[in-house]
Amino acid sequence: AVVSTQSTGYYSGRLYRTFKGMAWKRAAFLTATLYPGLISSACFVLNFLLWHAGSSGAVPFSYMCALLAFWVCVSLPLVFIGFFFGFRKQPYEYSVRTNKIPRPIPSQLWYMRTIPSMLLAGILPFGAVFIELYFIFSAIWENQIYTLFSFLFLVYVILVICCAEIAVVIVYFQLCTENYRWWWKSFFSAAGTGLYVFAYGVFFYYTKLEIVGFTSTVLYLGYTASCP
C-alpha cells in the first residue's frame, strides 16, 4: 500500500504536468481522496446499516477509525510526496507534433459520444466474464462452494486485456474523427463494463435471491455497486 500510494502520486503528478496543469496541490488532494473517499464513504454507510441491523458481521468502530487514521496520516502524505516529485520531473513527450492553438472539434456521430460509447464498449468485456459472474454471485450470496480460483484468475486476466484493447479501439476511432479529447473517453469506455456488471447484479437479485427487508436490499445493491 505504501509503494502504491507513492507511485500513484508520482505518475499522476507527471501526467498532470504533461497537461500543463498549475494547481498541483488541488490535483494531489483529489488524487488521494476522490476515489478512495467515495469507496470508503460507501463502506462506512453500509457498515452503519449492519450496526443498525445488529449484525455480527459489522466492522468495529475502533477498527474503522484506525483505517481512517492510516489513510489520513500515511496514505495522504505519501500521495502528496509522490505527486511533488512527479510534478518536478520532465513531462511526457508527445510522439507527434501538436498545434498550440486547439482546433475546433467536428460534430461527432451519435455512437462516438460518451454514453453510447460506454454502453457499446462495455459489451465485449462483460461478455467474456458474465458466465463466471453467476458462480461468483452464487458463492457469495447463496453460500455455494467456489473452488475454481485458477480459472477465476484467468477470467480476470481476460477482462483486463479486453478492457485495455477496447479502450485503445475507442480512442483510435475518436482520434480518426479529429476529437483530441481522449483521456476521459479512454477511462469511461472501459468503465462501461461496470454498468453491465451492476445490471447483472440487479437481474440476479430479482431472479435468484429471496432477500427481504430494506436494509438487506441496500446492502446487496451497495456491495454490488462498489465491486465493479
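This is a predicted model: local features need pLDDT of at least 70, side-chain atom pairs count only at pLDDT 80 or more; totals for chains, interfaces and linings use all residues.
Helix α5 spans residues 123-141, and helix α6 spans residues 149-176. The two pack at an angle of about 155°, with their axes 8 Å apart. Angles over 145 degrees count as roughly antiparallel. α5 and α6 are therefore roughly antiparallel to each other. Their crossing is left-handed. From α5, the contact takes L124, P125, A128, V129, E132 and I136. From α6, F151, L152, V155, I158, L159, C162, C163 and I166 take part. By class, this contact holds 13 nonpolar residues and one charged residue, with no polar residues.

α6 also meets helix α7, which covers residues 183-207. The axes of α6 and α7 come within 8 Å and cross at roughly 135°. This angle makes α6 oblique to α7. The crossing of these two helices is right-handed. On the α6 side, the residues are L159, C163, A167, I170, V171 and Q174. They meet K185, S186, S189, A190 and T193 of α7. Six residues of this contact are nonpolar, four are polar and one is charged.

α7 in turn packs with helix α8, residues 214-226. Their axes come within 9 Å and cross at roughly 150°. α7 is therefore roughly antiparallel to α8. α7 passes α8 in a right-handed crossing. F198, G201, V202, F204 and Y205 make the contact from α7. T217, Y220, L221, T224 and A225 make the contact from α8. Here seven residues are nonpolar and three are polar, and no charged residue is present.

The second largest pocket involves other helices. Its volume is about 350 Å³. Two elements, α2 (24-53) and α3 (61-88), each give two or more residues to the lining of this pocket. The lining comprises 14 residues. Of these, I39, S40, C43, F44 and L67 lie nearest the centre of the pocket. Eleven lining residues are nonpolar and three are polar. The lining of the second largest pocket has no charged residues.

Conventions. Residues are numbered from 1 along each chain as its sequence is written. Side-chain values use heavy atoms; hydrogens and water are left out. On a 1 Å grid over the protein atoms alone, a cavity is a set of points where a 1.4 Å probe fits but cannot get out, and a pocket is an open set with protein on both sides within 12 Å along at least five of seven lines; lining residues have an atom within 4 Å of a point. Grid points are joined across faces, edges and corners, and a volume is the space filled by probe spheres set on the points. Helices (H or I, at least four residues) and strands (E, at least two) are DSSP runs, numbered from the N terminus. Ala, Val, Leu, Ile, Met, Phe, Trp, Tyr, Cys and Pro count as nonpolar, Asp, Glu, Lys and Arg as charged, and the others, Gly among them, as polar. Axes are lines fitted to C-alpha atoms, for helices over the stretch in contact, and angles run from 0 to 180 degrees between N-to-C directions. Angles under 35 degrees count as roughly parallel, over 145 as roughly antiparallel, 65 to 115 as roughly perpendicular and the rest as oblique. A crossing is left-handed if the near helix is turned anticlockwise from the far one by less than a right angle, and right-handed if clockwise. Contact means heavy atoms within 4.5 Å.
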